[in-house]
Amino acid sequence: MRHKTTVASWETPNDPHIYGKVKINVTKIDSYLEDLTKKLGKKITYTLYSIKLLALVLGKFPELNSFIKYGLLNAKDSVDVCCLVAIGDGNDLANSVIRGCDRKTIEEIHDELQNSVHKLRTKKDENHNKKNRVAMLLPNFILALIVQITSYIASIGIGFKPFGVTPFEFGSCVITSIGSLGIEEGYPPIPPPTFCPLLVSVCKKNNSFYYDTDHKVQEKATIGYNFTADFRFLNQKTTKQFIDEFRRIGENPLVFEEESRKAERKSK
């Protein structure tokens, strides 16, 4: 009976999402961010560090930094990271995309994001204002169809100015800081309109037991990165290489700086 009830309750799976968590040891990162904040005179947070880190790693994996068009994977020309921005009392949510993120300095990312967030929260971002006006005017059943059409054409690199839709509206991936809400564990879904292969949640920093490179279990300050990924863009080999590279760059400020300089030189 249990088997019969189970078969009757579920349809054939058609969701390509997979979930995983990577913890990185941030013992060396705390002092690095403090020094960077003093040097630049600007608050450099774990979120900014994570945005740059994600962009650096994505730049090494073209199959992840891609989009699906006519059933085929197509590489994108740049690594663009989308940051979700809460507006007002949280009753509105917008996206801010850092284009060519891997080739920008962490200071440039800070300034661009600050400027974008300011425009969104003071209602001076015209593209977001257009989207809101359309959403308020249309009934839900028509709006759902419009969102499906415009988000798809944006996902293959076509914009639609009347509705404030830009090409590759959500970039190469989406990053959100759930740690700022005090959440230690969470796996948000990839919203269908983003058409992104990857969503990364930056969790709250805490002390946890960590299996280091010397094969020893120690209690360290760590940050968890929860990944929601579209399996169509991944394979077992790519996943392992991505995680290894994410840890290699993310846990060592010297490696982070070296990889940053390599990527930034490409923009000159």
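I call a residue buried under 20% relative accessible area, exposed over 50% and partly exposed in between, using a 1.4 Å probe and protein chains only. My notes concern a predicted model, where local features need pLDDT of at least 70 and side-chain atom pairs count only at pLDDT 80 or more, while totals for chains, interfaces and linings use all residues. Residues are numbered from 1 along each chain as its sequence is written, and side-chain values use heavy atoms, with hydrogens and water left out.

**Entry 1: two loop residues**

I began with Lys 123, which counts as exposed at 61% relative accessibility. I found Lys 123 in the loop between helix H4 (106–121) and helix H5 (126–137). Helices (H or I, at least four residues) and strands (E, at least two) are DSSP runs, numbered from the N terminus. The phi of Lys 123 is positive, about 60°, although this residue is not a glycine.

Then I looked up Tyr 70, in the loop between strand S2 (66–69) and strand S3 (72–75). Tyr 70 is not a glycine either, and its phi is positive, near 55°. Is Tyr 70 buried or exposed? Tyr 70 is exposed, with a relative accessible area of 69%.

Ile 156 sits in the loop between helix H6 (140–155) and strand S6 (173–177). With a relative accessible area of 12%, Ile 156 is buried. Which residues does Ile 156 touch, not counting those up to four places away in sequence? I noted Phe 67, Ile 68, Lys 69 and Phe 168; contact means heavy atoms within 4.5 Å. Lys 69 is 87 residues from Ile 156 along the chain, yet their C-alpha atoms are separated by 6.2 Å.

Ser 151 lies in helix H6 and counts as buried at 10% relative accessibility. Leaving aside neighbours within four places in sequence, I saw Ser 151 in contact with Pro 193 and Phe 195.

**Entry 2: strand S7**

Next came strand S7 (residues 198–202), where 5 of the 5 residues are buried, so the strand is largely enclosed by the rest of the structure. In a regular strand the side chains alternate between the two faces of the sheet. In S7, Leu 198, Val 200 and Val 202 point one way, and Leu 199 and Ser 201 the other way.

S7 pairs with S6 in the parallel sense over 4 bridges; two strands pair if DSSP finds at least two bridges between them. Val 200 in S7 is the bridge partner of Ile 175. With strand S9 (residues 217–230), S7 pairs in the antiparallel sense over 5 bridges. Here Leu 199 stands opposite Thr 228 in S9.

**Entry 3: helix H3 and its contacts**

How do helix H3 (residues 46–58) and helix H7 (residues 236–250) cross? Their axes come within 10 Å and cross at roughly 135°. Axes are lines fitted to C-alpha atoms, for helices over the stretch in contact, and angles run from 0 to 180 degrees between N-to-C directions. Among the residues that meet are Tyr 49 and Leu 53 in H3, and Phe 242 and Phe 246 in H7.

H3 also packs against helix H8 (residues 253–265), at an angle of about 60° and with the axes 11 Å apart. On the H3 side, I listed Tyr 49, Lys 52, Leu 53 and Leu 56. They meet Phe 256, Glu 259, Ser 260, Ala 263 and Glu 264 in H8.
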